[in-house]
Amino acid sequence: MPKPTRRHLAVATAVAAASAVAAVAVTSTAGATDTAQRARAAVQGGNAKNVILLIGDGMGDSEITLARDYTAGANGRLNMDKFPLTGSYTTYAVHADGTPDYVTDSAASGTGWATGIKTVNGRISKTPGTDKAAPTLLELAQRKGYATGSVTTAELTDATPAVLASHTTDRSCQGPADMAKCPTDTIAAGGPGSIAEQSVNHQVDVLLGGGKQRFDQKVTDGRYKGLTVTEQAQKLGYNVVTDSAGLNGAKPGEPVLGLFATGNVPVEWTGKPAAVGGTDPQRCVTSNPKRPSTTPSLEASATKAIQLLEAKQKQKHSKQGFFLQIEGASIDKQDHAADPCGQIGETAAFDRAVKVARDYAAGHPDTLVVTTADHGHTSQIVPLEATPPGLSSTLVTDEGQQLKVNYSTNTPGQSQEHTGTEVRIAAQGPQAYRVLGITNQTDLFTTISEALRLR
């Protein structure tokens, strides 16, 4: 028998390693054999006591696939992949005359599910032509006696959380000092004020995220003139917390305002951003020196929010439950920056929050859980031999394989752009069947309002 050559040994070693990886991947995933049975069991009508809506900002199918490939493997599954019912929805915005604007921003897309109407890019829960406030899911839920909450890794005044608890002509009107584009929304003009002022005036039970800089601005008119918005919140009974210890100590029965960063909450992972001509193969760093150790994770914030909302309703002996929105915001922000490691880390963090929601629903089957995105984004997995004209990076996945990701929706040096693609929507619980097929973003408003009997 001939002596094996170095090449033969290398091939044998590679085959053995690949077989081991495949074996791990296969045993860690659920097959498709029970799909029909699970789908039939999941289709239910009726009403929900609670709704947990999870938004991965900018989390299109490419972003999900990238995170899955890197962390769980090509044949692995994320928590968000395990919902029994999955569909897609369209995300377009409209112009003032109602004609389609094919690529949405987060303000218009969020307005779509929050109010059930399409609007122009940049507008927060107002009509496209007449600029009139439209009732939101959160407002309708409050009127029906539900506890309400909003959790995000962005500023609490950013577009996605803003669409639930405010109405402004432009998304930039985040604090009292930021009202240049919203002259009719100012308190001096008889309007409701900035997004920060409106959010606390709505007395949402749980508000957790970043954006302390907006709440530190002083109110310029009205009842709270001269106070910061944080002080306004305290006057309204809010317990203002700024770190994990404060959040852990929050008690049910009092509204909680968590401000965990001056701006957006720092991301969890770091690495080299994509570059013209690509990067050397890299492993992501699963930490960030700019993220204080006292910063609660999205998973921890989601867990605490659910606990507080459920406990409040029990204290009140209410038959109603709660409505909670949870946003993984910086999937989008790192996509804009062409930072694949930051983007993957935020998707993984969001996926852990998805698990929190699904674990809760496992013990509370009267809970509707929905996970989706507001719009698609730029990252694309391309062949290793590809030479993209824009920015690219090569990653070494947890499977030990190389993966190239490309960002080419804008010229290098510019912010990468949203795309107009449809995005995934998946659900479980009462009325979850409504997400099946191809629906419109505004249909999510109907799904949730029907589940909670809001209309």
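**Close-up 1. Helix α4 (residues 106-115) is largely enclosed by the rest of the structure, because 10 of its 10 residues are buried.** In this predicted model, local features need pLDDT of at least 70 and side-chain atom pairs count only at pLDDT 80 or more, whereas totals for chains, interfaces and linings use all residues. Residues are numbered from 1 along each chain as its sequence is written, and side-chain values use heavy atoms, with hydrogens and water left out. Buried means under 20% relative accessible area, exposed over 50%, and partly exposed in between (1.4 Å probe, protein chains only); helices (H or I, at least four residues) and strands (E, at least two) are DSSP runs, numbered from the N terminus. Among the buried residues of α4 are Ser106, Gly110, Trp113 and Thr115. At the start of α4, a side-chain oxygen of aspartate 105 comes to within 3.3 Å of the backbone nitrogen of alanine 107, and just after the helix glycine 116 adopts a positive phi of about 85°.

**Close-up 2. Asparagine 406 lies in strand β14 (residues 402-407).** With a relative accessibility of 11%, asparagine 406 counts as buried. When neighbours within four places in sequence are left aside, asparagine 406 is in contact (heavy atoms within 4.5 Å) with residues including Thr378, Gln380, Pro388 and Leu391.

**Close-up 3. Tyrosine 433 occupies the loop between β15 (423-428) and β16 (437-440).** The residue has a relative accessible area of 33%, and therefore counts as partly exposed.

Terms used. A polar contact is a pair of N or O atoms within 3.5 Å; within protein, one must be able to donate a hydrogen and the other to accept it, and residues adjacent in sequence count only if both atoms are side-chain atoms.
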